[in-house]
Amino acid sequence: MIYLDNNATTKPFPEVVDVMTQFMTSRFWNASSAYGQLDGLEEVVESAKAAIRTLIGAAPDDEVVFTSGATESNTWAVAEGARRASGCGWILTSAIEHPSVGEAFDSLQEQGVDVRLLQVTRDGVFDLDELEAIVDSNLRFASLMFAHNETGVIQPLREATSLIRERAPECLIHTDATQAIGKIPISFAEELGEVDLISFSGHKFHGPKGIGGLVICNGAQLKPLIRGGGQQNNLRSGTLNIPAIGGLSVAASKTSRLLKANQDTVVRTVRDYFEQRISCLFPKACILGSQAKRLPNTSFFGIPGSDADDLVHILAGEGMIVSTGSSCSANSIEPSRTALLMKYEYKEASTLLRFSASYENTIDEVDVLVNKLYELSSREHKLAL
Ligand code: PLP
């Protein structure tokens, strides 16, 4: 199988599976129990937090709270934002956020909260002129993503958050960094320095599913989303998922090492080769966000005359996995909302496929995929050259 849907999920590293198996068989204790403490499970949790801080360059006093994943982290951050805006002020997000942020904002708007949406340019980048025009001191919460899950566009987060800090000192700032973390080296000071809350998810960087977290910076104080036994400093109750936390820790540490060894540039070579071949064989193909700064592994592209849904199914039948975009809308035949917001026509948006590579993909795999696309285009005359 050629797996090129790594923005949807990644294959856990073998070391992750090994450590999880250990925690599910011989070290299955409750971390808060006497056995758990004797067996050093608290240290397992602390070293997982340290591994996450290293991966994003956060400071030792930035708190890491484990959740069931980025959806929960985003939900928590937005709930806190709504609390802070109640009775005064307004809250901001972009029009292209993942549904776990976008739908949380929609629901707040239905409840009467003053919600404003930042639009994007043709390249899928936040419109900073619009931001400049709308931000005022009544802004209480902003949630702006770091890198987009479909286009891979890396947003000008620092510019946006600096402007917000300057004009709205009371604003709590959150970023959904789920797609950026693990795919690019992050300079915390340069990119995340103004951010208070950062969401991440283990399964996007070869860790387990069902584990992620919220990094709390600048001493931000949050109300708990889940109350109960008081675990994690009363911020997120529930018995700690030690197998997942142990697996996440291993994935984060290995990913830090891979990024240090510039493996992201190797992934970029594979993605760039893919785009070169696509542009050569299909000169009318479009690549969304190609003029913007993007994740090195992602290509959101469309071949005129094709139907993305059909292609995903045909390719899957041949053992090649790509997607039509956001995995959460993968069952829908609606084309990418993000592409429509970037002012692509409905017909063009219906052709879009997302290629997302990982450290494991090779140039040879790209050749197999591109040759198959070319063969389909000539054999079935489904794709216009
Ligand atoms: N945010 C972004 C940008 C994502 O791409 C995803 C997953 O696709 C999520 C949030 C949700 O992450 P999780 O699966 O950990 O809930």
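Q: How far apart do the C-alpha centres of domain 1 and domain 2 lie?
A: This is a predicted model, where local features need pLDDT of at least 70, side-chain atom pairs count only at pLDDT 80 or more, and totals for chains, interfaces and linings use all residues. Residues are numbered from 1 along each chain as its sequence is written. The domain assignment, whose bounds come from an automatic or database source, gives domain 1 as 2-9 + 262-379 and domain 2 as 14-259. Between the C-alpha centres of these two domains the distance is 27 Å.

Q: Which elements each supply at least two residues of the side of domain 1 that touches domain 2?
A: Contact here requires C-beta atoms, placed from the backbone, within 7 Å, and 25 residues of domain 1 are in contact with 25 residues of domain 2. Elements are DSSP runs numbered from the N terminus: helices (H or I) of at least four residues and strands (E) of at least two. On the domain 1 side, those that each supply at least two residues are helix H10 (263-281), strand S10 (298-302) and helix H12.

Q: How do the residues on that side of domain 1 divide into nonpolar, polar and charged?
A: Ala, Val, Leu, Ile, Met, Phe, Trp, Tyr, Cys and Pro count as nonpolar, Asp, Glu, Lys and Arg as charged, and the others, Gly among them, as polar. Sorted that way, the side touching domain 2 has nine nonpolar, eleven polar and five charged.

Q: Within what arc do the buried residues of helix H7 fall?
A: Buried means 20 or more other C-beta atoms within 10 Å of a residue's own, exposed 12 or fewer, and partly exposed in between, with C-beta atoms placed from the backbone. In H7 (157-167), Leu 157, Ala 160, Thr 161 and Ile 164 are buried. They line one face of the helix, because the directions from the helix axis to their C-beta atoms fall within an arc of 90°.

Q: Is His 206 buried or exposed?
A: His 206 sits in the loop between strand S7 (197-201) and strand S8 (212-216), and has a positive phi of about 65° although it is not a glycine. Because His 206 has 27 C-beta neighbours inside 10 Å, it counts as buried.

Notes: Contact = placed C-beta atoms within 7 Å.
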